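Q: I'd like to learn how to read a few features of this model. Take me through them one at a time, please.

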Amino acid sequence: MSPKSTSRWVHNIMPSTNTPVTKTQFSPIVFQNRPPNRAHYWWLCIPDFIFPKLIRSQRLSQALNMRKHGGLANNFGLSTLGKTLLSYYVSEYLLVRYPRLPMGVHNAAVDAYMGAETLGEMGRSWGIEVDNSDRLEKYLAKEPEFMQYGKLRFGDNRTNFTDREDGVTELSEAEMARLRNNVNTSDETQAYASAVRSIIGGLYTHCGEGATKQFINDHVLSRKVPLEQMFQFSKPTRELVRLCDKLGFKDPVEIRLIAETGRLSAHAIYVAGAFTGGEKLGEGIGSSIQEAKTRAVVNALMSYYLYSPITSDGNQVKLPSDSSYKFEGIVGEGDVAI
C-alpha cells in the first residue's frame with residue numbers, strides 16, 4: 001500500500017479523532033441500514049465497540065488480507081494473536097465456571113465458542129464481503145484502489161481461463177487436506193474466521209487487554225452454548241458407580257423406584273431415583289421402569305458435571321483475569337475411567 005493511497009483511504013473512510021475509548025463504547029448493538037455491496041462503507045458502519053476509531057484503517061486492511069503475495073501485509077500475525085487470546089479467555093471461562101466438565105465436552109465447548117464455523121458466521125454477520133474478482137476483472141472495471149482494501153482477500157486470486165461445468169466446484173489443496181482429515185470447512189469459512197481473529201488481535205494491539213476482554217465477553221462468551229447436549233454416556237450406571245468411588249462415598253449406588261402411575265394402562269409413568277445411602281443424586285421420569293432408572297442415572301451425572309460454583313453472596317465466581325480476583329471456586333477432580 002503506497003503512502004499516497006493510504007492517506008486517501010484514511011481521509012475517505014475514517015477521519016482522524018482524538019476521542020478516548022471508554023468502556024461504554026463496547027456495549028452490544030444491532031447493525032442496521034448497512035449499504036449492500038459497498039465494502040468501504042462497511043468500515044463506516046462498524047460502531048466503536050467493535051473497532052474504535054483510533055485504530056488506523058491500515059490495521060483493518062491487514063486483518064482482511066490472507067494472501068502471502070501481492071505487496072500488502074497479511075493477517076498471519078494478528079490471527080495468531082487473536083486465536084491465542086480467544087483460547088485463553090474461553091478456556092478460563094469454562095474451567096472456572098464449569099470445573100467438572102470432562103475433557104471431551106470441554107474441547108467441544110471450546111470449539112463451539114471459537115471454532116472456524118462459529119467465527120465464520122460471526123464474520124458474515126458483521127457484513128464482511130469477499131473479494132472474488134481477479135486482477136484482470138479489477139483492471140477492466142477500473143476499480144478504485146481503496147475498494148479492494150475493505151474486502152476479505154484469500155487465495156492466489158489468479159485469473160482462471162478454464163471453462164467450469166455448472167454444478168461442479170473445484171476444491172483447493174487446503175480444502176482437500178481438510179476433507180482427508182474429516183474437517184468439513186471451506187476456504188471461505190476459514191478466511192472469515194481468520195479475519196475475526198485478526199480483528200481481535202488488532203484490538204488487543206491498539207486498545208489493550210481490558211477492551212479486548214470486554215469485546216470477547218460481548219461477542220463470544222455471551223452466546224448460549226447448550227453444554228447439556230454435548231454429553232453422550234455409553235455406560236451411565238457404571239460411570240456413576242466409578243464416580244462415587246472416586247469421590248469417596250462409602251455407601252453403594254442404588255437405583256430405586258420412587259413412584260408410579262398407570263402401570264396397567266397404555267400411558268404408564270414411572271419415577272426413579274439414584275441414591276447413595278440416604279442421599280439422592282438424581283431423579284428421572286420415563287414410560288418404563290428401565291427408562292426412568294436410566295434417566296435418573298444420567299441426571300445424576302449431569303448435575304455433577306454441570307455444577308457451577310458461586311460465591312458466599314450467591315453470585316458467580318470471578319475469573320482470574322478479573323480485577324480484585326479472589327479464588328472462591330473449586331478445582332475439578334479429572335475424568336472418570338470407566
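Q: Is Val225 buried or exposed?
A: Val225 comes out at 8%, so it counts as buried. Bear in mind that this is a predicted model, so local features need a pLDDT of at least 70 and side-chain atom pairs count only at pLDDT 80 or more, while totals for chains, interfaces and linings use all residues. Residues are numbered from 1 along each chain as its sequence is written, and side-chain values use heavy atoms, with hydrogens and water left out.

Q: Where does Val225 sit, and which residues is it in contact with?
A: Start with the elements: helices (H or I, at least four residues) and strands (E, at least two) are DSSP runs, numbered from the N terminus. Val225 is in the loop between H11 and H12. A contact means heavy atoms within 4.5 Å. Ignoring neighbours within four places in sequence, Val225 is in contact with Ala112, Tyr113 and Met230. Ala112 is 113 residues away along the chain, yet the two C-alpha atoms are separated by 7.1 Å.

Q: What about Ala211, buried or exposed?
A: Ala211 lies in helix H11, residues 209-221. With 12% relative accessibility, Ala211 counts as buried. Here's a pair to look up in the viewer: Ala211 and Ile200 are 11 residues apart in sequence, and their C-alpha atoms are 9.8 Å apart.

Q: Zooming out, how many helices and strands does the protein chain have?
A: There are 13 helices and 3 strands. Of its 338 residues, 39% count as buried. Sequence separation tells you something too: among contacts with a separation of 6 or more, 62% are between residues 24 or more positions apart.

Q: What is the strand order in the sheet?
A: In general, strands of a sheet pair through backbone hydrogen bonds, either parallel or antiparallel. Two strands pair if DSSP finds at least two bridges between them. Here you get an open sheet of 3 strands in the order E1-E2-E3, with antiparallel pairing. The edges are strand E1 (253-261) and strand E3 (279-286), each pairing on one side only. On average, neighbouring strands are turned by 20 degrees against each other, direction ignored.

Q: How many bridges join E1 to E2, and how many pair E2 with E3?
A: E1 and E2 run antiparallel, joined by 8 bridges. Strand E2 (residues 269-276) and E3 also pair in the antiparallel sense, over 7 bridges.

Q: Why is E2 largely enclosed by the rest of the structure?
A: Because 7 of the 8 residues of E2 are buried. Helix H12 (residues 236-246) lies across E1, E2 and E3 and runs at about 130 degrees to E1. H13 packs on the sheet too, touching E1, E2 and E3, and its direction makes about 135 degrees with that of E3.

Q: Which residues take a positive phi?
A: Most residues other than glycine have a negative phi, and most peptide bonds are trans. Gly277 is one example of a positive phi, near 70 degrees, in the hairpin of E2 and E3, which has 2 residues between the strands. Ser324 is not a glycine, yet has a positive phi of about 50 degrees. Ser324 is in the segment after H13 and, at 58% relative accessibility, counts as exposed.

Q: And is Thr311 buried or exposed?
A: Thr311 is buried, with a relative accessible area of 14%. Its place is in the segment after helix H13 (289-305). Leaving out residues up to four places away in sequence, Thr311 touches Gln316, Val317 and Glu328.

Key
Buried means under 20% relative accessible area, exposed over 50%, partly exposed in between (1.4 Å probe, protein chains only). Axes are lines fitted to C-alpha atoms, for helices over the stretch in contact, and angles run from 0 to 180 degrees between N-to-C directions.
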